[in-house]
Amino acid sequence: MQERWEQVTRAALALIFYLPESLWPYIPLLGTAVFTGAGIPLPAVLWLGWGFLTTLRAAGRLGLGYFLIEALIIVAAIFCGFFLRRQVQAGRRPLGAGFFSLILLPMVVLGLFQAAVGLLAPSPPSWLDPRQRQLVPFRITGTLDNPNLFGMVLAFLSPLLLAGIVTAGGGMRRRRLFYIFAGFLHAAALLLTFSRTAWLAAGTALLVFQGREWKPLLLRLAIMLLFVFLVFPPLRTRLYPPGGLWQDSTVAYRRQIWEASWELFKENPLGTGSGGFQRADLLQHRTVHAHNQLLHIAVEQGIPGILLFSWVVYLGLSRPARTVAERGIRAALCSQLAAGLTESPWADPLLLFLFWCGWAFLREAADG
């Protein structure tokens, strides 16, 4: 029965990448607690408890729908993280870089196909500053309908691919070659999202994963990337837009959202509860999140939420990584934190799931 349910767990995890907005792929992961013996760690209990109380206080029972969806995803992610860790402890082959590479392969291939036909099907105008559209005619999305979201998912999984390359050993083994090939595809797709947020996240992940031991390699890689960005005008335009970065329309849009979110936070220091952005009068800016993770939490969870978030992050990242897999997951979590400077990753179910799954894996490693 356990082996069969493990197969269900793998299938559900694969479906989450393609059906992140649907709740039913998350539900089977709740059953993994039965054979892993996993419980919900205290930081997660406090996070969910405060989310429930602040939502009930601010919106009443009608606002609990948003909270219950978030809670289901977080709990499913925690049990999935425990499942992956227990697979390692039991000596079984965990769902690692190979699994995620194969799962994302159709998404990446579709993204590269979108790049091939991008000139015929340009991106929606809101995705680019008008002055950039002649040089950046498209932004790929894979199957996720948004280039920033696609880029953040690729950035989150990029250190797991690096971990797969390291653990596959040296030489020209087929497994190592597969990870390297998958890494090139992921890197190409990541560049073609033209998402500065995703580039920042991927760069952060690389720095955290390599650490101090790989300074010469990082220096050579930085020089190569600088060359790539300088040679190809579309990439250079995204980094150095006409008129300067602060004159970019998408940056100006974010500044408006941040100002409106800050005012909303000052009006509700204890939080507006889950779904607060949907209920607030911010639709004039056409947004349902703050485009900044800390500010988003401040609005919905208030000051207690900021403190709990800081505690969660500290517990997840404070312990030194003992294995390459742990190093990759730490780097993945750091990539999402970096992306949180200009986006609200937790506003998307997939990125919310990935963060708490990785966090639970590291917490289980620390406790076990």
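**A tour of packed helices**

α7 passes α9 in a right-handed crossing (the near helix is turned clockwise from the far one by less than a right angle). This is a predicted model, where local features need pLDDT of at least 70, side-chain atom pairs count only at pLDDT 80 or more, and totals for chains, interfaces and linings use all residues. Residues are numbered from 1 along each chain as its sequence is written, and side-chain values use heavy atoms, leaving out hydrogens and water.

**Stop one: α7 and α9**

Select residues 147-167 for α7 and 196-210 for α9. Their axes (lines fitted to C-alpha atoms over the stretch in contact) lie 8 Å apart, at an angle of about 25°. That makes α7 roughly parallel to α9 (angles under 35 degrees count as such).

Now show the contact (heavy atoms within 4.5 Å). On α7, pick among others G151, M152, A155 and L162; on α9, the residues they join in meeting include A198, A202 and L206. This contact has twelve nonpolar residues, three polar and no charged.

**Stop two: α9 and α15**

Ten nonpolar, five polar and two charged residues form the contact of α9 with α15.

**Stop three: α12**

Select residues 249-267. Which residues of α12 are buried? They are T250, V251, R254, I257, A260, S261, L264 and F265 (buried means under 20% relative accessible area, with a 1.4 Å probe and protein chains only). These buried residues pack against α7, α9, α13 and α14.

Note on methods. Axes are lines fitted to C-alpha atoms, for helices over the stretch in contact, and angles run from 0 to 180 degrees between N-to-C directions. Helices (H or I, at least four residues) and strands (E, at least two) are DSSP runs, numbered from the N terminus. Angles under 35 degrees count as roughly parallel, over 145 as roughly antiparallel, 65 to 115 as roughly perpendicular and the rest as oblique. Ala, Val, Leu, Ile, Met, Phe, Trp, Tyr, Cys and Pro count as nonpolar, Asp, Glu, Lys and Arg as charged, and the others, Gly among them, as polar. The expected span of a helix is 1.5 Å times one less than its number of residues. Buried means under 20% relative accessible area, exposed over 50%, partly exposed in between (1.4 Å probe, protein chains only).
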